[in-house]
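Morning, everyone. Let me put the sequence and the structure up, and then we'll go through the side chains.

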Amino acid sequence: MPQALLARCSTLVDVTIPEGIETLSEVVFGQDYALRTLYFPKSITQIHPETLAFLTQVTITVEKESYAETFCKEHNYPCIYK
């Protein structure tokens with residue numbers, strides 16, 4: 001997904017990234033302070049470290065044994081399993 005694609009969407013609360021998306025670029029969700037839940041499909045193979053930089057209250061739903069799960073654990077983002 002391109003950089004800052006969904007940035008500054010002040011009323012965005014829930015986002016489901018569709019299956020088939022592989023890369024999340026820098027600050028895709030920049031300053032989306034209302035965002036609370038995200039779903040990352042198993043197809044995600046790269047997440048830029050700044051993708052979630054401004055999100056402080058988000059919970060991410062991931063597939064077990066996925067790249068997204070590893071990313072969340074390495075960067076201390078709370079995740080739940082689909």
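So, where do Lys 73 and Glu 69 both lie? They lie in helix α1, four residues apart, about one turn of the helix. Helices here are DSSP runs of H or I with at least four residues, strands are runs of E with at least two, and both are numbered from the N terminus.

Some ground rules. This is a predicted model: local features need pLDDT of at least 70, side-chain atom pairs count only at pLDDT 80 or more, and totals for chains, interfaces and linings use all residues. Residues are numbered from 1 along each chain as its sequence is written, and side-chain values use heavy atoms, with hydrogens and water left out.

Lys 73 forms a salt bridge with Glu 69, and the closest N and O atoms are 3.1 Å apart. The rule is a side-chain nitrogen of Lys or Arg within 4 Å of a carboxyl oxygen of Asp or Glu. By that rule, the count is one salt bridge. Glu 69 counts as buried, at 10% relative accessibility. Buried means under 20% relative accessible area, exposed means over 50%, and partly exposed is in between, using a 1.4 Å probe and protein chains only.

Now the core. A nonpolar core is a set of buried Ala, Val, Leu, Ile, Met, Phe, Trp, Tyr and Cys residues joined through side-chain atoms within 4.5 Å. The largest one has 19 residues, and Phe 29, Leu 38, Phe 40, Leu 52 and Ile 60 touch the most other members. β5 (59–62) and α1 (67–74) each supply at least two residues of this core. The largest share, three residues, comes from α1.

Look at Leu 52. Leaving out residues up to four places away in sequence, Leu 52 touches Phe 29, Leu 38, Phe 40, Ile 60, Phe 71 and Tyr 77. Contact means heavy atoms within 4.5 Å.

Two of those partners also meet each other. The search finds one aromatic pair. Phe 71 and Tyr 77 have ring centres 6.2 Å apart and planes at 10°, so the pair is stacked. The cut-offs: centres within 6.5 Å for rings of Phe, Tyr and Trp (its six-membered ring), with planes under 30 degrees stacked, over 60 edge-to-face, and the rest tilted. Phe 71 is buried at 2%, and Tyr 77 is buried at 17%.
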